[in-house]
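Subject: Structure handover

Hello,

I am passing on the structure we discussed, followed by some notes on what turned up in it. Please look it over before reading on.

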Number of protein chains: 2
Amino acid sequence: MGLSNLGPGRSVVLRAAFLLFVFVQSSNGGNILVFPVDGSHWVNMKILMEELHGRGHTMTVVRASSSWYIKETSPLYSSITIEDSMKFDDFFDDYLKRQIEFLKGQASVLKFFSATWEFFVMLSDAHRLACKMLERMLDDPDLMKGLQDEKFDLVLTDPAISAGVMLAKYLKIPLVLNARWICSGEGHFAIAPSPLSYVPVPGSGHSDKMTFSQRVKNALFYGLILFQDMFVVGPHYKTLCSKYFDAECDVLAYTQAADIWLMRLDFVFDFPRPTMPNVVYMGGFQCKPSKALPDDLEAFVQSAGEHGIIIMSLGTLVKGLPSDMAHQIAAAFAQLPQKVIWRHLGERPSTLGNNTMLVQWMPQNDLLGHPQIKAFVAHGGTNGIQEAIYHGVPVLGVPLFFDQFDNLLRVRERGGGLILELSELNRRTFHESLQEVMHNPSYRANMRRLSRLHRDQPVAPLDLAVFWVEFVMRNKGATHLRTDSYKLPWYAYHSVDVILTLLSAAGLLLFTIFAAIRYVCHRMCYRKKMKHD
Amino acid sequence: MGLSNLGPGRSVVLRAAFLLFVFVQSSNGGNILVFPVDGSHWVNMKILMEELHGRGHTMTVVRASSSWYIKETSPLYSSITIEDSMKFDDFFDDYLKRQIEFLKGQASVLKFFSATWEFFVMLSDAHRLACKMLERMLDDPDLMKGLQDEKFDLVLTDPAISAGVMLAKYLKIPLVLNARWICSGEGHFAIAPSPLSYVPVPGSGHSDKMTFSQRVKNALFYGLILFQDMFVVGPHYKTLCSKYFDAECDVLAYTQAADIWLMRLDFVFDFPRPTMPNVVYMGGFQCKPSKALPDDLEAFVQSAGEHGIIIMSLGTLVKGLPSDMAHQIAAAFAQLPQKVIWRHLGERPSTLGNNTMLVQWMPQNDLLGHPQIKAFVAHGGTNGIQEAIYHGVPVLGVPLFFDQFDNLLRVRERGGGLILELSELNRRTFHESLQEVMHNPSYRANMRRLSRLHRDQPVAPLDLAVFWVEFVMRNKGATHLRTDSYKLPWYAYHSVDVILTLLSAAGLLLFTIFAAIRYVCHRMCYRKKMKHD
């Protein structure tokens with residue numbers, strides 16, 4: 001078998017095809033209403049929007065006046081700003097501090113519930129604020145009239161918070177979701193049956209191969225998600241429903257009625273699981289070849305020589321780790337012959353070695369694609385992991401919260417990295433884990449294999465995403481790809497009524513047979529008795 | 001919204017991209033072992049093989065000496081012929097005759113079971129013969145040594161009959177299925193959870209929207225399929241298992257372990273339903289633009305003038321309808337101003353009009369793509385329906401047996417045609433149905449809409465199929481896309497053990513609380529009593 005592996009030529013060819021495709025196909029652009037979620041979710045949305053902008057589509061973004069990342073003016077879009085008074089500044093740093101408190105010392109059921117409670121409060125706040133924002137919009141007749149007059153072709157939103165879903169329904173516009181999670185856990189729980197025996201629930205920390213006790217834990221976590229749905233997140237949407245929608249209003253049903261789900265996943269990253277035809281996997285859509293580094297950074301990288309470099313970033317949500325942890329990490333880095341680039345916004349650790357450069361920001365993609373890269377110390381955000389897979393770089397994961405452990409677990413299960421929990425992080429463990437990830441060649445080999453698989457797709461993920469967004473605009477939806485089964489009552493969906501009917505029928509049949517036999521026997525005995533008499 | 005619809009330009013662009021892709025990517029071809037199913041299944045397999053041949057892959061086909069369609073010599077492949085003494089000549093015509101007997105007069109439960117029995121006998125024979133053929137191969141050490149020495153990259157087979165699946169397992173070679181059905185009904189019942197509440201079972205004759213009684217019927221049909229699996233088809237493979245495989249051998253598990261399923265479906269044709277990441281929908285992969293007709297046929301078509309033409313074909317399995325039915329149909333055709341081209345191998349009906357041309361074979365795709373076409377009278381084979389969708393031609397369906405009613409139902413549900421059952425077919429009903437399909441513009445409009453949707457895909461179906469075949473060769477399988485959940489015992493897969501454990505725990509908890517309350521009450525009552533005393 002002599003098929004060569006896919007070289008970089010492939011993506012060039014397929015990109016060229018798509019550009020030609022643009023030329024042949026589109027005449028005028030569409031008109032898109034974007035209702036994003038702030039933070040790292042917005043970073044993802046913007047990548048998709050840049051591509052759509054490049055293809056001539058017009059976009060209007062709904063943002064909060066307090067927005068963290070979403071600028072009021074941009075060449076990409078016009079914006080509608082809704083006043084609010086939210087402050088996110090130190091929110092996640094405070095949250096992280098409390099998480100670390102929980103993680104230190106012995107784990108206990110009480111601690112788990114306390115941490116979960118904390119998470120629920122945070123989640124409830126986020127949804128409440130988004131719902132308030134939408135209420136303000138719906139209460140503004142001029143604004144709503146303006147939106148209706150715009151005749152949008154599409155609402156593009158992130159269902160991590162469902163206010164955009166509600167707005168699409170209110171305006172009766174086709175809906176495309178740019179999704180990593182929906183409010184009730186991963187999207188697939190809402191859109192395709194996902195047996196708990198091999199589909200791990202977000203937060204369970206398990207893979208698709210579970211022992212009996214892991215499956216019990218998975219089921220309990222599913223219970224938690226149902227609870228979250230009903231009592232944490234749901235009530236905010238119920239309030240909206242009762243004020244602005246009809247009696248049938250249900251936020252989960254509205255989400256399930258979306259035309260296309262663009263999932264920020266693929267099955268090189270995630271475990272295989274059932275899915276529906278209207279779910280498009282665009283995992284790694286943000287990945288692109290690395291560019292040259294700025295001169296000073298390139299000089300620093302080259303100074304590492306044969307030892308190569310390590311980069312460390314814990315994402316955009318938190319500014320840095322608590323100073324004692326940063327201290328331990330800096331000391332571990334100082335022991336290494338590698339050069340280290342570390343995105344750390346906190347206090348400068350006193351143990352910092354000469355080999356370590358602290359930065360406020362780094363060109364992460366260009367560094368991951370640099371030939372000198374040896375390892376990536378990451379918190380496990382989806383984007384960072386996808387970029388590590390794309391460039392084939394082994395990962396040492398230090399998960400902070402949310403889906404980060406689950407993301408890193410997917411890398412570890414495929415032999416592409418290790419996980420070091422905050423509760424176990426110290427100078428020695430950090431140093432040992434890094435050495436293992438860098439010097440055991442299996443981690444790099446596995447990440448390179450994942451990289452090859454990720455790049456070996458018929459259409460590049462971003463092109464696929466754009467295709468389906470435009471498909472929905474061309475065809476005014478994608479009804480033929482989505483099921484209406486969510487409209488069934490639960491007992492019908494799960495065939496409970498059918499099973500009970502068939503069991504009753506079988507019971508009746510058995511009873512009739514039994515009664516008939518009994519009657520015949522009785523008659524025969526009676527006759528016998530008569531004879532005897 | 002001004003995006004123009006996809007013109008023919010798109011497919012040209014994407015084809016060009018794929019041809020470039022070939023150039024960039026492939027150096028040497030792969031070596032493929034093909035174990036096809038005869039009849040119309042082979043017609044499908046050959047289309048895929050022609051494309052693979054064009055891309056430089058070498059193929060070896062396993063065929064029976066009695067083969068109906070599969071030639072011993074071909075420029076496409078080399079062949080291995082296994083001796084057998086099967087005779088298929090009039091098999092399906094006889095089967096059809098008995099089916100019609102059943103259909104005429106009143107339907108009854110007894111008749112249904114009799115017809116099902118007939119079907120089971122036929123199915124069992126087909127599987128028995130294929131298993132015998134495989135046994136002959138496995139008993140021939142020289143042949144098996146030769147196959148092993150060939151170092152095939154891939155087994156390509158149709159799981160309608162699973163002998164090819166067993167061979168792939170025996171030779172330990174990656175497996176790609178070219179599937180419309182597997183022995184136990186549609187593939188998805190084996191590969192993704194498919195709730196009986198909205199996924200109709202093959203043969204049930206229902207859509208994805210069912211009433212309560214239809215859902216009961218659907219569940220009963222599922223029971224039939226389980227029966228078929230266990231007692232009709234299964235035993236033949238169990239015999240193979242016990243002779244040549246280990247104790248764990250299970251034909252369904254081997255099928256589920258396939259790397260890629262190329263399903264001859266898409267969701268323009270079929271109802272949306274859960275699926276797994278290793279299932280590739282290539283429905284309509286055989287469709288292509290029409291070519292010019294031979295001169296005599298073109299002259300005949302043009303002679304129809306503004307009235308246009310109708311074509312009728314009942315597929316390749318049967319030679320023709322019984323003469324009384326053909327008589328009625330010919331008389332109905334004779335009443336029409338349209339010209340008719342009818343593939344009919346039986347006796348020439350005496351009622352045949354001058355407007356009707358009987359043919360032994362017709363260039364069906366070129367006629368369906370002809371601007372003069374008004375309607376397609378079809379038996380409802382998957383290929384014909386896909387071609388009608390591709391060209392946007394309304395359908396009058398006359399289903400004979402197997403999946404044909406189900407296929408036609410999918411067209412009818414989308415408003416693209418009507419179904420006329422054999423039991424109701426006479427001159428009047430046939431004439432009326434044809435008039436309705438031709439003169440109510442909604443049928444044509446709906447078929448055109450389906451045609452647009454079918455052509456609006458990021459990659460053409462055949463290119464997609466070839467991509468995934470080559471993917472499996474490049475990557476020696478597609479393990480990351482398929483679940484291993486089929487290896488779980490049934491009670492674990494369905495979480496029965498987990499549910500019982502959680503219920504027991506909840507029961508125990510409730511019991512403990514109840515006992516504690518009772519104990520406390522008892523003590524309090526006792527104290528009170530003591531006081532009173």
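How many salt bridges does a search of the whole structure find over all chains? The count is 30. Please keep in mind that this is a predicted model.

Salt bridges

In general, side chains of opposite charge can pair when their charged atoms come close.

R482(A) and D259(A) form a salt bridge through their side chains, at 3.6 Å from N to O. R482(A) sits in the loop between helix 17 (461–475) and helix 18 (490–493) of chain A, while D259(A) sits in the loop between helix 9 (251–256) and strand 6 (260–263) of chain A, so the pair ties together parts that are 223 residues apart in sequence. R482(A) and D259(A) are both buried.

The second pair is D208(A) with K209(A), again a salt bridge at 3.6 Å, N to O. D208(A) has a relative accessible area of 12%, and it is therefore counted as buried, the limit being under 20%.

K487(A) is exposed, with 57% relative accessible area, whereas D484(A), at 23%, counts as partly exposed. Through shared partners, salt bridges also join D208(A) and K209(A) with D259(B), R482(B), D484(B) and K487(B) in one network.

Nonpolar core

Nonpolar side chains tend to be buried together in soluble globular proteins. Here the largest nonpolar core has 256 residues. Those with the most contacts inside this core are M137, M166 and L262 of chain A, and M137, M166 and L262 of chain B.

What is M166(B) in contact with, leaving aside its neighbours within four places in sequence? The residues are L134(B), Y237(B), L240(B), C241(B), F245(B), C249(B), V251(B) and Y254(B).

Helix packing

Helix 11 (residues 323–334) and helix 15 (residues 427–439), both of chain A, pack with their axes 8 Å apart and at an angle of about 45 degrees. That angle makes helix 11 of chain A oblique to helix 15 of chain A. The crossing of helix 11 of chain A past helix 15 of chain A is right-handed. On the side of helix 11 of chain A, the contact is made by Q328(A), I329(A), A331(A), A332(A) and F333(A); helix 15 of chain A contributes R427(A), F430(A), H431(A) and L434(A).

Regards

Definitions and conventions
Residues numbered from 1 in each chain as written. Chains lettered and ligands numbered in written order. Predicted model: local features only at pLDDT ≥ 70, side-chain atom pairs only at ≥ 80, totals over all residues. Heavy atoms only, no water. Core = buried A, V, L, I, M, F, W, Y, C linked by side-chain atoms within 4.5 Å. Buried < 20%, exposed > 50% of the residue type's maximum accessible area, 1.4 Å probe, protein only. Contact = heavy atoms within 4.5 Å. Salt bridge = Lys/Arg side-chain N within 4 Å of Asp/Glu carboxyl O. Helix = DSSP H or I, 4+ residues; strand = E, 2+ residues; numbered from the N terminus. Axes fitted to C-alpha atoms, helices over the stretch in contact; angles between N-to-C directions. Parallel < 35°, antiparallel > 145°, perpendicular 65-115°, else oblique. Left-handed = near helix turned anticlockwise from the far one by under 90°.
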